[in-house]
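User: Hi! I'd like to learn how to read a structure like this one step by step. Could you walk me through it?

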Amino acid sequence: MTTVESKPGRARLLIMACLFVVTICSFVSCNSRSSNNTSPKFQQYYVQGEQLYLQYCSNCHQKDGSGLGLLYPPLDTSDFMQRHLEDVVCLIRNGKQGSLVVNGREYNQAMPALGISDLEIAEIATYIYNTWSHQEGLLDVKFVSEVLTSCDSLAMK
Ligand code: HEC
């Protein structure tokens, strides 16, 4: 048995259609954000970054990013990394002397400057910021180069 479509019925249909559109839109925008992490460029940075990490960093910070006692701070979970992304980019370029606090522990050994290119830094940064507990997405070389030009003026050297 069908009834003649009433006005309230049509209104409900309209509301449902709107909800449907909103739902689809939010799905699409979510996907376009997470696809950032599956883009070929991200994959390339990440894979290269891992190789470079094993070559330049894992001696001290270890393969799994856990650091080494009180000598080398951890990267797998690091409040320092979370709070100072730009400083970390500069630190990879310039190394670091003096004390530094990670997860409430003080470290005071020197990290050497490694003499690597902007692109290599971007790849390593993309790797360390998207593995273990981190999920920052792609750190493009354009962004990294910009940060590197301002290293001198950043608070932490
Ligand atoms: C010779 C050992 C050594 C090497 C090689 C080294 N680091 Fe470090 N790193 C250190 C030390 C020591 C500190 C702490 C510096 C201080 O106390 O001032 C540090 C600090 C850091 C920090 C900030 C603190 C934290 O744990 O969040 C990051 C990030 C970091 N290093 C990343 C890297 C990356 C990436 C590489 C490779 C490109 C690298 N390091 C290579 C010894 C090293």
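This is a predicted model: local features need pLDDT of at least 70, side-chain atom pairs count only at pLDDT 80 or more; totals for chains, interfaces and linings use all residues.

User: Let's turn to helix packing. At what angle do α6 and α7 pack?

Analyst: In general, a pair of packed helices is described by the angle between their axes and the distance between those axes. Here, α6 (residues 118–128) and α7 (residues 141–149) meet at about 110°, and their axes lie 9 Å apart. Angles of 65 to 115 degrees count as roughly perpendicular, so α6 is roughly perpendicular to α7. The crossing of α6 past α7 is right-handed.

User: Which residues of α6 and α7 make the contact?

Analyst: On the α6 side they are D118, L119, I121, A122 and A125, while α7 brings V141, V144, S145 and L148. Sorted by class, this contact between α6 and α7 has seven nonpolar residues, one polar and one charged.

User: And the ligand: how many residues surround it?

Analyst: The ligand is surrounded by 29 residues, with C57, C60, P73, Q109 and M111 the closest. By class, this shell has 20 nonpolar, eight polar and one charged residues.

User: Which elements each supply at least two residues of that shell around the ligand?

Analyst: Those are α3 (58–61), α4 (79–83), α5 (85–94), β1 (100–102) and α6.

Key:
Residues are numbered from 1 along each chain as its sequence is written. Axes are lines fitted to C-alpha atoms, for helices over the stretch in contact, and angles run from 0 to 180 degrees between N-to-C directions. Helices (H or I, at least four residues) and strands (E, at least two) are DSSP runs, numbered from the N terminus. Angles under 35 degrees count as roughly parallel, over 145 as roughly antiparallel, 65 to 115 as roughly perpendicular and the rest as oblique. A crossing is left-handed if the near helix is turned anticlockwise from the far one by less than a right angle, and right-handed if clockwise. Two residues are in contact if their C-beta atoms, placed from the backbone, lie within 7 Å. Ala, Val, Leu, Ile, Met, Phe, Trp, Tyr, Cys and Pro count as nonpolar, Asp, Glu, Lys and Arg as charged, and the others, Gly among them, as polar. A residue is near a molecule or strand if its C-beta atom, placed from the backbone, lies within 6 Å of it.
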